[in-house]
Amino acid sequence: MAAVQVLSIATEPIPASYKAPSAPSTSRISSPHPSGHRTLLPVGPAYLNHLRLSLHHSHSFSSLDKHLEAERERLAALHGDDGAGEDDLGVGDEEETPELLALDPKEWKKQDQYAVLGLSHLRYKATAEQIKIAHRKKVLKHHPDKKAGTTPAVSNSLYLAGVNQNTNDDAFFKCIQKAHEVLTNPEKRRQFDSVDPVFLELEEDIPTAQEIKSKNLDFFKALAPVFELYSRFSKVQPVPGLGHIDSTKEEVEGFYDFWYNFDSWRSFEWLDKEVNEGSDSRDDKRYTEKKNKSERARRKKEDIAKLRSLVDMALSLDPRIKRIKQQEKEAREAKKRAAAPGAPVKKTKQQEEEEKKKAELEAKQKEEEEKAARAEAKKQKAAAANAAKKARRQQRAAEEAAAA
C-alpha cells in the first residue's frame with residue numbers, strides 16, 4: 001500500500017482590500033454559501049432545473065422529481081409509436097393470392113421466388129437486408145408453430161385436439177423457406193433472375209420494327225425501356241442508355257458499340273432437367289448433364305441472337321443515323337473545299353436538281369419565244385405579199401385606164 005505523504009504548504013493571506021463578489025440585482029440566485037459553494041451560472045439544464053425548483057416547486061426536490069418523471073412519461077407516450085415502428089426499407093405487405101398460398105413445395109422451382117416473399121415490386125433490385133426483412137415477416141405470419149395455437153380445430157376428434165390442421169399453410173411455409181434459400185444464395189439468385197417469369201413476359205411484349213412503323217410509335221419511348229430491361233444482365237456497369245434525338249455522334253456510336261459487344265452474365269441453369277429421383281445410374285446422370293449442357297448452350301445462343309436482332313432493329317430505325325451521315329458528308333465536302341480552294345465546288349444533289357429545273361424552264365421559254373418570232377415573221381411576210389399584190393392590181397388598173 002502506498003504511503004501517504006503530507007506536504008506543508010503555506011498559503012498567502014487574503015489582502016485586506018478583498019471583498020466577496022455579490023450577486024447582480026436581477027439575478028434570482030442567492031449569494032454564495034459561506035462554506036465555499038460556487039455561484040451557479042445562468043446557462044444549461046442545471047440552471048433551468050434551479051429555476052423550476054425555485055419558481056414552480058418552492059424548492060421542493062420531491063415535487064421537481066415528480067414533475068420531471070411525468071414529463072418523461074409524456075414524451076415517451078408522444079413518441080412511442082415512432083420508436084416502436086421498425087423501418088422495413090420499403091418491403092411493405094403484399095397481398096397473398098389464393099393461387100400463391102396453394103403452391104406445392106415440391107414444385108418450388110416453378111414458383112415466383114420474389115412473390116412468395118412479398119417482393120414482387122422490387123424483384124432483382126431487392127437488397128439482402130430487404131430480403132431478410134421480408135423473410136422475417138413471412139415467417140412470423142406463416143410459421144406452423146405460430147399457426148398451431150391460433151388455428152381452431154375443425155374436428156371433434158380427441159386425437160386431433162390442438163393439432164394444426166392447416167396443412168396448406170405448412171406447405172406455403174416450406175415455399176417461403178425455399179424462396180429465402182434461393183434469394184440469399186448469390187449463384188442461385190442469379191440463375192433465377194436469368195429466367196424471371198416477369199422478365200419473360202415483358203420480353204414477349206417487345207415491339208417489332210413493323211409495329212413501330214405501322215403504329216407510328218416514338219422510337220425512344222418504345223425502345224428505351226427495352227434496353228433498360230436487358231441492361232440488368234450486363235457484366236459491365238453502368239450501361240449507356242438509348243439517349244435522345246439530340247444525342248451527339250460519339251454518344252450514339254458508343255451506345256451501339258457497347259450493345260454490339262454486350263457481355264451478358266445471363267445463364268439458364270435454372271431450367272436444367274433434374275435427374276430421375278431414385279436413380280443411381282451414372283449413365284443416367286451423365287446423359288442428363290450432357291442434355292442440360294446442350295440445352296443451356298442453345299438457349300444462350302438464342303438469347304445472344306435475340307439481343308443482336310434487337311440492336312439491328314434499333315439501328316435501322318434510329319432517326320439520328322440519317323442526321324449523322326448527312327453531317328459526315330458535309331464535313332467531307334467542306335474538307336475538300338478547304339484542301340483545293342481553286343477547284344470547282346461540287347454541287348449537292350439538291351443543287352443539281354434545281355439547276356436542271358432552271359435550265360429546262362429557260363429552254364422552254366426560249367422555244368416559246370422562237371415560236372412566237374416565227375409566227376410574227378410569217379405574219380409580216382403574208383402582209384408584204386398582200387401589199388405587193390394590191391400594188392400590182394392598182395398598177396394594172398392604171399395602165400388599162402391610160403390605154404382607154
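Helices in this tour are DSSP runs of H or I with at least four residues, and strands are runs of E with at least two, both numbered from the N terminus. The model is predicted: local features need pLDDT of at least 70, side-chain atom pairs count only at pLDDT 80 or more, and totals for chains, interfaces and linings use all residues. Residues are numbered from 1 along each chain as its sequence is written, and side-chain values use heavy atoms, with hydrogens and water left out.

**Backbone stops**

Select Leu89 in the loop between α3 (80–84) and α4 (98–101). Its phi is near 60°, a positive value in a residue other than glycine. Leu89 is partly exposed at a relative accessible area of 36%; buried means under 20%, exposed over 50% and partly exposed in between, with a 1.4 Å probe and protein chains only.

Then select Gln237 and Pro238, whose connecting peptide bond is cis, with omega near 0°. Pro238 sits in the loop between α12 (219–230) and α13 (249–260). Most residues other than glycine have a negative phi, and most peptide bonds are trans.

**Aromatic stops**

The structure contains 14 aromatic pairs; rings of Phe, Tyr and Trp (its six-membered ring) pair if their centres lie within 6.5 Å, with planes under 30 degrees apart called stacked, over 60 edge-to-face and the rest tilted. Display Trp108 and Trp270, an edge-to-face pair at 5.9 Å centre to centre with 90° between the planes. This pair links distant parts of the chain, 162 residues apart: Trp108 is in the loop between α4 and α5 (113–116), and Trp270 in the loop between α13 and α14 (282–317). Trp270 is buried at 7% relative accessibility, while Trp108 is partly exposed at 22%.

Continue to Phe227 and Phe255, edge-to-face because their ring centres are 5.0 Å apart and their planes at 75°. Phe227 belongs to helix α12 and Phe255 to helix α13, so the pair ties together parts 28 residues apart in sequence. Phe227 is buried at 3%, as is Phe255 at 1%.

**Final stop**

Finish in helix α16 (residues 349–403), where Arg393 is found. Arg393 is partly exposed, with a relative accessible area of 46%. Glu370 also lies in helix α16 and is partly exposed at 39%.
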